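Keep the selection tool at hand.

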Amino acid sequence: MCGISGRVRYDGRHVGADIVELAAAMRHRGPDSTGFAVYGPARERGYVVRGYLADRQALDSTLQDVATLLAGQGSRLLGEPTWDASGQRHVLFRLEIDELKDLKRWVDDVESLPGTEILSLGRSLEIIKDVGDAREVDAKHGVSELQGTHALSNMRLATESLVSPIASHPFWARPFPDVCIVHNGQLTNYFSWRRRLERDGYRFMSENDSELIAVWNSVQMAAGASLRDSLTASQQELDGVFTYLLGTLDGIGMAKDRWAIKPLAAVDEADGIAIATEEQALRSLYRDEVEILNYDGPLMTETWRREGNPRGAAA
Amino acid sequence: MSALQQAPAAPTTQIKSGDRPLREVNREIREAVAAGQHVEVTEPLSRHNLAVGLTGEGKVTFRGSVGYYCGGLTAGGVIEIDGNSGWGTGEGLSAGHITVNGNAGMSVGAAMRGGTIHVRGNAGPRCGVAQKDGNIVVGGDIGYSTGFMSHGGRIICLGDSKGSVGDSLWQGSVWVAGDIEQLGIDAVAVEPPADEVVEVEELLASLGYAPAERNWKKVVAGKKLWYFEARDAKQWLMI
């Protein structure tokens, strides 16, 4: 039932405002929590990190511990950390950090700190997710002020896990920088794939099948598969009903299963791409009549690049 | 005389949908159609559930695309969509006429029991799923699993059919003038009887399609699944 959406802005601006509008138009699909993944200007050096801490009162000491762990990697904070002023018990923080000698080890170490989870890490990717609908989350975290090339969002109707920021989409493909997912559906071979990936050393922070899809694709791409090839392979290897959007540094990919029961529609216009579970959400950005692309067939895949595709050509 | 022919020609009332409360917009549409008026709705903005539950002999024209379930559970009147329509257009229709001048999404006419739905463009997957009666006419192509588990009525496609057409049919039929990519489970394509061809061509003529020599394939139930037994499961690729 969840709603997912995506946006590509070829001018690299206002992508935060647009993705909030797309999410707000699908509030009815899941107002329990809302999450955003925004790809801002990519760094050539260092990473941007978004994190979650369960207890706001432990923020100072946790950030000190994070800085110590950075120093142990020969790295450092670039600028002062920032965090939300929502007053909730949990807090979402943002860091900019220098290069890491062992990225995976640093992530493992940070997430061993009490109540701490890294929501995203990348040259460009920033994940913000919290309880409440799109407007509430935007008010708490200023998503609509973010600039960038592409973005994803998810409106979650909680069914099988907590109403909590860390149970919400998007999920980062830990430990792969800049890869994340939003997903509408469910996998039926989740546990078998999770055991296989865990045997290969991958660690999951949730019991959500969406997190697994993100890691699964990242493993394929790390082994040399193109985004399109990985999406296509997932349709054979992952069992269930699903339509998901995978965010990468270069753009957005989409795959859906053979039953194709989870809807997706898109608009491909000169200024960019808008993608949403429901067409009416697309009309929040394009109020005039536009051509709607319906991805309603079985085993469909698509990729949208941040700089645009040649018209009529698949990436 | 069909509902389409009876409907008042020129719009007498105009309603702006835009961001107004849907309940309010639908109440105005219902009242106008029940009173036999022709109402024109601007800025439908692909919103869901527009013009549901209509009765009477009036008409509503949408100037733009509509979202899910437009005309659902309707029992009379005429709906014209000057654009595309989303999933479940005319779901549960029991009487009346719906025209989509563009393309329609998944499950057009799902579980409809009467009336006519005419899509001038293409219709998405599962068109006429669980249909009980009435006619669905598609000027373009139909998506996969069209007619899935249909119990009655006709689906008429002037273009091509995607895969699994007529899957698990009961007593409905899917007529395809173009190519059939693949028949569904327990579906068979037969040459239609001449008297039924006449009926279909008369219906098409009433919708403005010129007479032509069409290569009709009528897809109906093979009836083997009607009496399914577990020992035959392998035959149906279910295990």
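The stops below go from the whole of one chain to single residues. Bear in mind that this is a predicted model.

**Stop 1: chain A as a whole**

Select chain A and colour by secondary structure. Eight helices and 16 strands make up its secondary structure. Does the radius of gyration agree or disagree with a compact globule? It agrees, because a compact globule of 315 residues would have a radius near 20 Å and chain A has 18 Å.

Next, look at what is covered. Of the 315 residues in chain A, 58% are buried. Then think about contacts. Among those in chain A with a separation of 6 or more, 73% join residues 24 or more positions apart.

Chain A exposes about 12500 Å². Carbon and sulfur atoms supply 48% of that area. You will find 35 positive and 47 negative side chains in chain A. The centres of these two sets lie 2 Å apart.

**Stop 2: aromatic pairs**

Hide the surface and show the aromatic side chains. Over all chains, the structure holds eight aromatic pairs. Select Trp193(A) and Trp216(A). How far apart are the centres of their rings? The distance is 5.8 Å, and the planes stand at 85°, so this pair is edge-to-face. Trace each residue back to its helix. Trp193(A) lies in helix H5 (residues 190–199) of chain A, and Trp216(A) lies in helix H6 (residues 209–222) of chain A. The pair therefore ties together parts that are 23 residues apart in sequence.

Both rings belong to covered residues. Trp193(A) is buried, at 10% relative accessible area. Trp216(A) is buried too, at 2%.

Move on to Tyr295(A) and Trp304(A). Their ring centres are 5.8 Å apart with planes at 85°, so this pair is edge-to-face. Tyr295(A) and Trp304(A) are both buried.

Now go to chain B. Select Tyr68(B), Tyr69(B) and Trp87(B): they form one aromatic cluster.

**Stop 3: two loop residues in chain B**

Stay in chain B and pick Gly152(B). Find it in the loop between strand E7 (135–138) and E8 of chain B. Is Gly152(B) buried or exposed? It is buried, because its relative accessible area is 5% and the cut-off for buried is under 20%. Draw a line from Gly152(B) to Gln131(B). The two are 21 residues apart in sequence, yet 5.9 Å apart in space, C-alpha to C-alpha. Leaving out residues up to four places away in sequence, Gly152(B) touches Gln131(B), Lys132(B), Asp133(B), Gln171(B) and Gly172(B).

Look between strand E8 (154–157) and strand E9 (173–176) of chain B. Ser168(B) is buried, with 18% relative accessible area. What does Ser168(B) touch, not counting residues up to four places away in sequence? Its partners are Phe148(B), Met149(B), Ile185(B) and Leu225(B).

**Stop 4: an exposed residue**

Finish at Arg23(B), in helix H2 (residues 22–34) of chain B. Its relative accessibility is 71%, so Arg23(B) counts as exposed. Arg23(B) and Ala51(B) are 28 residues apart in sequence and 9.9 Å apart in space, C-alpha to C-alpha.

Methods. Residues numbered from 1 in each chain as written. Chains lettered and ligands numbered in written order. Predicted model: local features only at pLDDT ≥ 70, side-chain atom pairs only at ≥ 80, totals over all residues. Heavy atoms only, no water. Helix = DSSP H or I, 4+ residues; strand = E, 2+ residues; numbered from the N terminus. Rg over C-alpha atoms; globule rule 2.2 N^0.38 Å. Buried < 20%, exposed > 50% of the residue type's maximum accessible area, 1.4 Å probe, protein only. Contact = heavy atoms within 4.5 Å. Areas by Shrake-Rupley, 256 points an atom, 1.4 Å probe, with all protein chains shown as cover. Lys, Arg positive; Asp, Glu negative; His and termini not counted. Charge placed at Lys NZ, Arg CZ, Asp CG, Glu CD. Phe/Tyr/Trp six-rings, centres within 6.5 Å; stacked < 30°, edge-to-face > 60°.
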